[in-house]
Amino acid sequence: MVGSNSGAVPARPAATVVILRDGGAGIEAFMVVRHQAIEFASGALVFPGGKVDPGDSDPAWDGLAPLAAQASMRPFYVAAARESFEEAGLVLARRQGGDQLVDAAEAHRLVQAHRADLIAGRIGFLDLVRRERLILATDLMVPFAHWITPEGVPKRFDTHFLLVAAPVLQLGAHDGAESVEGLWIGPQQALSEAEAGSRTLVFATQMNLSKLARHASVAEAIAAARASPVVTVTPQVERLGGGRRRLTIPAEAGYGVSEIVVLSPAAMSSR
């Protein structure tokens, strides 16, 4: 059993945004395929997301990222909005003084004008939001899950998963750097393709897709998330031999199972 270790690598704060829309055959999520050259989860199908940057905790976000939850969660919400812009090409924001999310044409302009500079570090996300007179739509983000990578793994994340309904008419586009493909896909389809061997999923993604697959609509998924307390999941890992590992998670986390046997070490990731 992988147990507590005072020398364990610290889990880095991270945010994952589960962007949902209602498709012709049911609920769909925007997902990206990680570049094969990326160290973390290379080639895997994942939700957009990444580690919380220092700028996501800037006190200036108090007036630009409204938040109903505790203030300590604001950096995760800002990171989710930033990663949605960087990886998915979606703008989860409104104009200052406006009620509606920016439309598809404006979102496209913002992505074309600023995404490359943001990814390259030539501009900060806070500067971009200020320059364009935006307010992040953090009020639309709903806590869905909280996963922490087990100890004993060389790269660990403390990841908050946030649900959000896709901005109307915005289509999304992968960044071509960290991700090489962006697609809207039904949760069950993603799970089926992984089972068939045509997709790679890390454990946390697989489990959260399974939870999403229970819902027929975005409204239903968001209502269920609002009504359910988020239970932190730090999988307990037992090595079984032959490359197999048994991962145990809290039954009260609401995934319908408390343990699962996996083959890939990458399954222990919290993204």
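Is arginine 133 buried or exposed? In this predicted model, arginine 133 is exposed, with a relative accessible area of 52%, where exposed denotes over 50% relative accessible area, buried under 20% and partly exposed the range in between (1.4 Å probe, protein chains only). Arginine 133 occupies the loop between helix H3 (125-131) and strand S6 (134-136). Although arginine 133 is not a glycine, its phi is positive, at about 55°.

Residues are numbered from 1 along each chain as its sequence is written, and side-chain values use heavy atoms, with hydrogens and water left out. Because the model is predicted, local features need pLDDT of at least 70 and side-chain atom pairs count only at pLDDT 80 or more, whereas totals for chains, interfaces and linings use all residues.

The protein contains 6 helices and 13 strands; helices (H or I, at least four residues) and strands (E, at least two) are DSSP runs, numbered from the N terminus. Of the 271 residues in the protein, 50% are buried. Among contacts with a separation of 6 or more, 68% are between residues 24 or more positions apart, a contact being defined by heavy atoms within 4.5 Å.

Two helix pairs were examined. The axes of H1 and helix H2 (residues 104-120) come within 9 Å and cross at roughly 105°; axes are lines fitted to C-alpha atoms, for helices over the stretch in contact, and angles run from 0 to 180 degrees between N-to-C directions. H1 is therefore roughly perpendicular to H2, given that angles of 65 to 115 degrees count as roughly perpendicular, those under 35 as roughly parallel, those over 145 as roughly antiparallel and the rest as oblique. On the H1 side, Arg82, Phe85, Glu86, Glu87 and Ala88 meet Leu110, Val111, His114, Arg115, Leu118 and Ile119 of H2. The residues of this contact comprise 6 nonpolar, 1 polar and 4 charged; Ala, Val, Leu, Ile, Met, Phe, Trp, Tyr, Cys and Pro count as nonpolar, Asp, Glu, Lys and Arg as charged, and the others, Gly among them, as polar.

Helix H4 (residues 187-196) packs against helix H5 (residues 203-212) at an angle of about 140°, with the axes 8 Å apart. This angle makes H4 oblique to H5. The crossing of H4 past H5 is left-handed, a term applied if the near helix is turned anticlockwise from the far one by less than a right angle, with right-handed used if clockwise. Pro187, Ala190 and Leu191 of H4 make the contact with Gln206, Leu209, Ser210 and Leu212 of H5. By class, the contact of H4 with H5 has 5 nonpolar and 2 polar residues, and no charged residues.

Glutamate 83 is placed in helix H1 (residues 74-88). With a relative accessible area of 6%, glutamate 83 is buried. Its side chain makes a polar contact with the side chain of arginine 82 (3.2 Å); such a contact is a pair of N or O atoms within 3.5 Å, of which, within protein, one must be able to donate a hydrogen and the other to accept it, and residues adjacent in sequence count only if both atoms are side-chain atoms. When neighbours within four places in sequence are left aside, glutamate 83 is in contact with Pro48, Gly49, Gly50, Lys51 and Ala88.

Further positions lie in loops. Proline 54, in the loop between strand S4 (49-51) and H1, is exposed at a relative accessible area of 74%. The C-alpha atoms of proline 54 and alanine 79 are separated by 9.8 Å, and these residues are 25 residues apart along the chain. Valine 91, in the loop between H1 and strand S5 (93-95), is buried at 4% relative accessibility. A C-alpha separation of 8.9 Å relates valine 91 to alanine 137, 46 residues apart along the chain. Glutamate 252, in the loop between strand S12 (244-248) and strand S13 (259-262), counts as exposed at 60% relative accessibility.
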